Amino acid sequence: MNHKNTIATIATAAALCLTSALTAQAFEDSQYPNLKGMWTRVVGPNEKDGMIPFDPSKPPGRGQQAPLTPEYQKIFEANLKELELGVPGTWPGPSCLPPGLPAQMTAYNPMEIVVLPNITYIRVDYIRETRRRIYTDGRPWPQVGTKQGEVEEGFDGTSLGKWIDENSDGKFDVLEVETRYFKGPRHFDLSGIPLHEDNETVIKERIYLDKADPNLLHNDMTVEDNALTRPWTVKKSYRRSAEEFPQWPEHICVWEVKTLRIGDEVYMIGEDGRLAPTKKDQKAPSLQYFPGQR
């Protein structure tokens, strides 16, 4: 075989391999539901004055009827009192920490879902570019020592998922997800419903398209947490944007959040760049390390 024939044979084989790979990928894609596009939360009648309730079916604040233990109900009441005094809500908060789960799935900003055979990404641009990874490759939970040294805890936790074919029609209908290994602090919503400081939260989700409307997505979420007296189950829904080329917003916390935490106190940053109180009779922060100030 001469040199030209060898090159032609190699090129043909490479093209066949590429075609085969693309065909296999297309076949894989056809097994999964179409979750492409921009998803925004379905805003219900209980969302008022920028307060997005964790359970969309109930009013925010005490109206959520969160099944908190007495200890964490007291913490919640203290957070509500701060809100009443004018202190901003607990996420994103003055420290620019991300809300984490379960608050992330409230979809406070538009949400994008990228489905691949072994992993599903859920992206929300807020505080930081959140890219939640849901592993669907069948991996086991990491081995955990007494200090959880093998697991990198995070505000989004570690999510393992499994696609389910409920109709036995050869196509996946539901993504079941379990998420563990968190860091905090985290809250359910802006009213300050707290999660336990031990961060041993377990979140289980069933994510699926509405059977009557392919542009409506549902998330049945159950939160198990030591701040709760029982698991708390809610249903969240999201609507796909009708725009062919939607515009994705960018959120940079240090530019958009007008609050600052100093010690245990939260202050407002005024339009003139100066600190202002968030509540009546709030003391100014200490200036002892500035020359000539005490």
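Reader: In this predicted model, is phenylalanine 172 buried, exposed or partly exposed?

Author: Phenylalanine 172 counts as partly exposed, because its relative accessibility is 24%, whereas tyrosine 32 is buried, with a relative accessible area of 14%.

Reader: How is a pair of aromatic rings described?

Author: A pair of aromatic rings is described by the distance of the centres and the angle of the planes. Here the count comes to seven aromatic pairs. In one of them, tyrosine 32 and phenylalanine 172 lie 5.1 Å centre to centre with 45 degrees between the planes, a tilted arrangement. This pair links distant parts of the chain, 140 residues apart, with tyrosine 32 in the loop between helix H1 and strand E1 and phenylalanine 172 in the loop between strands E5 and E6. Together with Trp163, Tyr32 and Phe172 form one aromatic cluster.

Reader: Which residues of helix H2 are buried?

Author: The buried residues of H2, which spans residues 70–85, are Tyr72, Phe76, Asn79 and Leu80. They lie on the same side of H2, because they cover an arc of only 100 degrees around the axis. The face turned away from this buried side carries the exposed residues Pro70, Glu71, Lys74, Lys81 and Glu84.

Reader: What does the side chain of asparagine 109 reach?

Author: The side chain of asparagine 109 reaches the backbone oxygen of aspartate 125 at 2.8 Å. Asparagine 109 lies in the loop between H2 and strand E2, and this residue is buried, with a relative accessible area of 17%.

Methods: Residues numbered from 1 in each chain as written. Predicted model: local features only at pLDDT ≥ 70, side-chain atom pairs only at ≥ 80, totals over all residues. Heavy atoms only, no water. Helix = DSSP H or I, 4+ residues; strand = E, 2+ residues; numbered from the N terminus. Expected span 1.5 Å × (residues − 1). Buried < 20%, exposed > 50% of the residue type's maximum accessible area, 1.4 Å probe, protein only. Arc of directions from axis to C-beta. Polar contact = N/O pair within 3.5 Å; in protein donor to acceptor, adjacent residues only side chain to side chain. Phe/Tyr/Trp six-rings, centres within 6.5 Å; stacked < 30°, edge-to-face > 60°.
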